[in-house]
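Subject: Structure for you to look at

Hello,

I am passing on the structure we talked about, with my notes after it. Please read them with the model open.

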Amino acid sequence: MKNMLLNEKGSLVIAVIVAVFAALSGLSISFLAYRDTFALVLQMESTQQTHFLRSEADRASRYSQYLEDDQGKNISREVWVPALNQSGSRHKTLYSLETKIEEGDIVAPDGFTRIASKRIITNSKSSRRSIYLTNSRASIVRKRAIKQIKKELAASFFYFTDTDESPNADGGVDASHVYFYPPDVLEGRVHSNSAIRIKANGGSYPIFLGMVTTGEEFEWFNPSSPNYDIFEGGYAEHFGKYDFSATADEVRAFGIRPFGDENSSQFDLIYTKIDGSTITSKQAQIISWRDTLEVFGPQYPYVQNTVIGHNIITMKDTVWFEGPTLTLSGAQSIFVPKKLWIQGTVSGNQTWGCADTIFITGDLLLSNTPMGESPFNPETGEIANTSDLLGIVSEQQVIIKYKHRDPFEGDVVKSPNCNDIFIYAAICALGNGDGDPHKDGIFTFEYQHPHSSTEHIYYQDSLYTWIDLHRYKLPLSPFDDPLSWPGDVDWPWYNPVYPEANINPVFRGNINLWGSIMQIRRGFVARSGNDPYNHTNGLWDLQNHKYGDGGHGRTGYDKNYHFDIRFEYMQPINYPELKRDGGHPYVGVSWQLVTAPEP
């Protein structure tokens, strides 16, 4: 070695050997660097394609809301992205994206009903181009994803309001505010186009198990600091607003009309009792006349010495007639042109739409679900009742009736709703009050401010009727004494079974609901009796929503509400539809990567 190093020719050989090794080492390092860079590029392309697949699926979902249920569409686009996302890079990648929207094949929980859905299939591929090369080089990375989406159903909202304020909103901010507060537990999707107000109590909050969205913001009370942990199913503010018709368009278009229409019907009220698929009915005309009653003072009828005034009043009577008997076959909607009283047990898929207010006179049950049990297994979600659905759609309001005189049983007073009520239905109240919050669509209860009145009396072998109207003077004009009628005596016929001496019970138990509620504004289902808006110095003025004194105590119902998870995939026939941004909104069901097709 020493001789070789001392020899000129030997040194040259060594130099050549070293140069060769250096060149080989450089090539090896360059190859390793190129391999790592190429692997990084492929990894970036794979990641980028995954992001594009998701974004294209979302874009197609929004596009789908403007397509008919059975309509498809092909969408394609190309996107250039600098290599490694560096804006100054001399290398760029072209991503080619092809999306196909086609009719979906999602089946409802009954196992055979095909629901409105779409399947979005997106293919992605990429090719790279350098400023040093004129041709693109195709990448080996190809991907495909399939997203299933379904139409967002109005009944799929467990709790929906357009304006989450009370009917007393014309009384100022305090009167308008309604809250979610403990012990409220809301099981399904909740949305309001307006702000949603949440109030704590001693550190406890309401709990939301499903997604909660608002077109505005959440407002927090007691304390005012947010606690987003209560939204177990997620939440979003400024989510956007849903649009809907103020009329039951689908029922009007496709429902049967056994009771005529608004112009042809000679009746003012329809009473239906449902027994499976058979419906019996009564129809009523409400007649009225003017009458003058002498006023004798608070000792009437025991003291009748002097007439101290006269009450000129409008008397009313309800005259009942036999209505049609119906037998429904298959899924069917029914349109009623006038006020509707309804109760019973439903078989099959029924929706009752009404041009006026719907009064629930008794339990609304399902044939294949025992009263008090769920139509699905709450723990597993397994559907127990795949056949029975009920929709209640009013173009005004939906009201749980107090007591009523039942024409099917000789006008005897019935009070089935005064000790709990069971409702298995999707409830929708669409009323547009044209600026009057008291006339907006709400779900609520009748006779919210009960007071006692004097019932008819037998005295000295004679029957004396309308006792209080002979005792007290009704204020007939603004010039009369507005307090001439006692604040603790019921106003005539405010109670639907007036006169009634003992209001019992004042509190009426639970609303046991399995279903969903959609209303224009939040209706009351319980009242404290202390609301200053509705009770002003004992004044009675029904037109301005004043109901005597507030000494009646708490009335109405506690809430035992459960979302019917069947409504996530199916809803009662001809139930209203929602729109968003002018189209029918869709929501995602699943998204998955699948094997991409061969090039």
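**Overall figures**

The accessible surface of the protein is about 28900 Å², and carbon and sulfur atoms account for 50% of that area. Please keep in mind that this is a predicted model. The protein has 599 residues, and 49% of them count as buried. Its secondary structure consists of five helices and 34 strands. Taking the contacts between residues at least 6 apart in sequence, 69% join residues at least 24 apart.

Strand 19 covers residues 349–354, and six of its six residues are buried. In a regular strand the side chains alternate between the two faces of the sheet. Here Asn349, Thr351 and Gly353 point one way, while Gln350, Trp352 and Cys354 point the other way, and all are buried.

Strand 19 has a parallel partner in strand 17 (residues 332–336), joined to it by five bridges. In that pairing, Phe335 stands opposite Gly353. Strand 19 also pairs with strand 21 (residues 389–394), again in the parallel sense, over six bridges. There the bridge partner of Trp352 is Ile392 of strand 21.

**The second largest pocket**

Rolling a probe the size of a water molecule over the atoms shows where empty space is left. The second largest pocket holds about 1000 Å³ of space. Its lining is made up of 35 residues, and those nearest the centre of the pocket are Tyr179, Tyr181, Arg522, Ala526 and Lys559. By class, the lining has 16 nonpolar, nine polar and ten charged residues.

Which elements supply at least two residues each of this lining? They are strand 5 (157–163), helix 3 (173–176), strand 6 (185–186), strand 30 (526–527) and strand 33 (555–563). Strand 33 gives the largest share, with six residues.

Val185 is found in strand 6, one of the elements that supply the pocket lining. Val185 counts as partly exposed because its relative accessible area is 43%, between the limits of 20% and 50%. Apart from neighbours within four places in sequence, Val185 is in contact with Ile207 and Leu209. Pro206 is 21 residues away from Val185 in sequence, and the two C-alpha atoms are 5.9 Å apart.

Is Lys151 buried or exposed? Lys151, which lies in strand 4 (residues 137–151), has a relative accessibility of 9% and therefore counts as buried, the limit being under 20%. Its contacts, leaving out neighbours within four places in sequence, are Asp69, Ala116, Glu577, His584, Pro585 and Tyr586.

Asp541 belongs to strand 31 (residues 540–541). With a relative accessibility of 24%, Asp541 counts as partly exposed. Asp541 and Trp491 are 50 residues apart in sequence, and the distance from C-alpha to C-alpha is 9.1 Å.

Those are my notes on this model.

Regards

Key: Residues numbered from 1 in each chain as written. Predicted model: local features only at pLDDT ≥ 70, side-chain atom pairs only at ≥ 80, totals over all residues. Heavy atoms only, no water. 1 Å grid on protein atoms, 1.4 Å probe; cavity = no way out; pocket = protein on both sides within 12 Å on 5 of 7 lines; lining within 4 Å. Points joined across faces, edges and corners; volume = space filled by probe spheres on them. Helix = DSSP H or I, 4+ residues; strand = E, 2+ residues; numbered from the N terminus. Nonpolar A, V, L, I, M, F, W, Y, C, P; charged D, E, K, R; others polar. Buried < 20%, exposed > 50% of the residue type's maximum accessible area, 1.4 Å probe, protein only. Contact = heavy atoms within 4.5 Å. Areas by Shrake-Rupley, 256 points an atom, 1.4 Å probe, with all protein chains shown as cover. Pairing = 2+ DSSP bridges.
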